[in-house]
Amino acid sequence: MGVVDSLKWRYATKRFDSSKKISREDIEYLKEAVSLIPSSNGLQPYKVLIIEDKKLREKLREVSWGQPQITEASHLFVFCNFTEYGPEKVDSFIQLGADINNYPAESSRDYAESLKAQIGGSSASELSHWTAKQAYLALGSLITAASELNIDNCPMEGFLPQKYDEILGLKEKGMTAAVICALGYRSEEDKNRLLKKVRKPIEDLFDTI
Ligand SMILES: Cc1cc2nc3c(=O)[nH]c(=O)nc-3n(C[C@H](O)[C@H](O)[C@H](O)COP(=O)(O)O)c2cc1C
């Protein structure tokens, strides 16, 4: 299936068949799809936790309005955006680029300083807002790649980020839970699978100027 057909096939899955597991190989493909999505300046200011542990997911379900996807899905991806972005992170990003493309990190010093000034000049809320936006882009890539593999998915904001932060120890790591995505295979019991897609007409969504 091409991308459009895959996106027509997918829907926000409410009930997963918990007996079906995503293969290791497919998980590796999804990781690569998430990692290849671009981000502002290429900084990737987020981390993605892939949660398989059932006990942990039961705890998370309690702070996700009891939504069944959290425990029934094969895997739960938690996109955690950085709430702290110190100069050392810029330095290691610059070093990574220099190592991969084989040039001296020193040659990017002005760029590094401008990034540090830009990021350092943001308020905590501006920083978190900006890093969360980058994490949402990565979520889009996950949804698209999963759908391509006929892996059902449900992006979710229906959870308490502060509670996720506590349970997963994110605050200490300078991160917060931005958005999550349950992945697996639809259950026959999921009535949503029978619904038609609801989207605005294309002509309302776009204006060509
Ligand atoms: C950022 C985001 C958060 C969402 N949060 C939830 C959620 O907490 N629970 C849920 O069942 N669906 C959630 N959804 C699914 C949307 O309701 C669904 O994608 C939308 O209605 C379009 O339907 P479709 O995905 O079936 O095409 C969320 C979707 C997005 C993109």
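**View 1. The largest nonpolar core of this predicted model has 41 residues.** A nonpolar core here is a set of buried Ala, Val, Leu, Ile, Met, Phe, Trp, Tyr and Cys residues joined through C-beta atoms within 7 Å. Buried means that 20 or more other C-beta atoms lie within 10 Å of a residue's own, exposed means 12 or fewer, and partly exposed is in between, with C-beta atoms placed from the backbone. Val78, Phe79, Leu142, Ile180, Cys181 and Ala182 have the most contacts inside this core. Two or more residues each come from helix H2 (24-36), strand S2 (75-82), helix H6 (109-120), H7, S3, helix H8 (161-168) and strand S4 (175-184). Helices (H or I, at least four residues) and strands (E, at least two) are DSSP runs, numbered from the N terminus. As a rule, nonpolar side chains tend to be buried together in soluble globular proteins.

The model is a prediction, so to speak of a local feature takes pLDDT of at least 70 and side-chain atom pairs count only at pLDDT 80 or more, while totals for chains, interfaces and linings use all residues. Numbering starts from 1 along each chain as its sequence is written.

**View 2. Zooming in on Leu142 and its contacts.** Skip the neighbours within four places in sequence, and Leu142 touches Leu30, Ala33, Val34, Phe77 and Cys181. Being in contact takes two C-beta atoms, placed from the backbone, within 7 Å.

**View 3. The shell around the ligand.** Strand S3 (residues 152-156) supplies the largest share, three residues. By type, the shell splits into six nonpolar, two polar and three charged.

**View 4. Ser125, a residue of helix H7 (residues 124-148).** Ser125 counts as exposed because it has 9 other C-beta atoms within 10 Å. Thr83 sits 42 residues away along the chain, yet its C-alpha atom is 8.3 Å from that of Ser125.

**View 5. Helix H5 (residues 87-101) and the residue after it.** H5 runs for 15 residues and reaches 21 Å from first C-alpha to last, close to the 21 Å expected at 1.5 Å a residue. That expected span is 1.5 Å times one less than the number of residues. Asn102 follows H5, with a positive phi near 60°.

Definitions and conventions: Near = placed C-beta within 6 Å. Nonpolar A, V, L, I, M, F, W, Y, C, P; charged D, E, K, R; others polar.
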